[in-house]
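Please look over the sequence and the structure shown here before reading the notes that follow.

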Amino acid sequence: MTLADYLISGLLILSIVRQIRGRPLTWLGLAWPLALVGWAVAAYLTRIPAGEANRTAVVVLASVGLCLGLSCALCSRVWQDSGRVMLRSTGPAVVLWIVGVGARVAFGLWAEHGGGLTIVRTSQRLGITDFTAWADGLVLMALLEVLGRSVLLAVRRVRLHAEGQQGRV
């Protein structure tokens, strides 16, 4: 793992931890985690590997990310205060987010520091023939985790904002 990988992971965790006390839910607040993982996708995602088992691994990891992101958004509190849409990350939302980010960091560290042989054996048992399936799956996991959370929170923001506008008429 590179310094950029650690920085991105740290900033993703910071993005939710700073919402524990409640903050305005802004478009910038929704966009900057997307920019972070967008950089990772551009830097690391080369191609989806051929082969059914390889693609299945990528889809499973990406699906886990989507589930974590949507669950995180559903566990977050969104409300309106003085015409502003507010967001507060609850304990379960923070835990889900950190589980997603932490799992990717832990896998990367484990792969680099002694887990390589186990990954090779597991890949063989699962029929994974292209090791980029793991990296691509983890990158897409991050993308769909952030995308799922951001899109669901954006929908909730738009709905609350529209309800607030109707109340002012």
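**Overview of the chain**

The protein chain holds 6 helices and 3 strands, where helices (H or I, at least four residues) and strands (E, at least two) are DSSP runs numbered from the N terminus. This is a predicted model, in which local features need pLDDT of at least 70 and side-chain atom pairs count only at pLDDT 80 or more, while totals for chains, interfaces and linings use all residues. Residues are numbered from 1 along each chain as its sequence is written, and side-chain values use heavy atoms, with hydrogens and water left out.

**Layout**

- Read along the sequence, the elements of the protein chain come in the pattern α-β-α-α-β-β-α-α-α.
- Taken along the principal axes, the box filled by the C-alpha atoms of the protein chain is roughly 65 × 30 × 25 Å.

**Burial and contacts**

- Of the 169 residues of the protein chain, 38% count as buried, meaning under 20% relative accessible area with a 1.4 Å probe, protein chains only.
- Among contacts in the protein chain with a separation of 6 or more, 80% come from residues 24 or more positions apart, a contact being heavy atoms within 4.5 Å.

**Glu145**

- Glu145 is part of helix α6, which covers residues 132-168, and Glu145 counts as buried because its relative accessibility is 0%.
- The side chain of Glu145 makes a polar contact with the side chain of Arg104 at 2.8 Å; such a contact is a pair of N or O atoms within 3.5 Å and, within protein, one must be able to donate a hydrogen and the other to accept it, with residues adjacent in sequence counting only if both atoms are side-chain atoms.
- Leaving aside neighbours within four places in sequence, the residues in contact with Glu145 include Gly65, Leu96 and Trp97.

Definitions and conventions. Buried means under 20% relative accessible area, exposed over 50%, partly exposed in between (1.4 Å probe, protein chains only).
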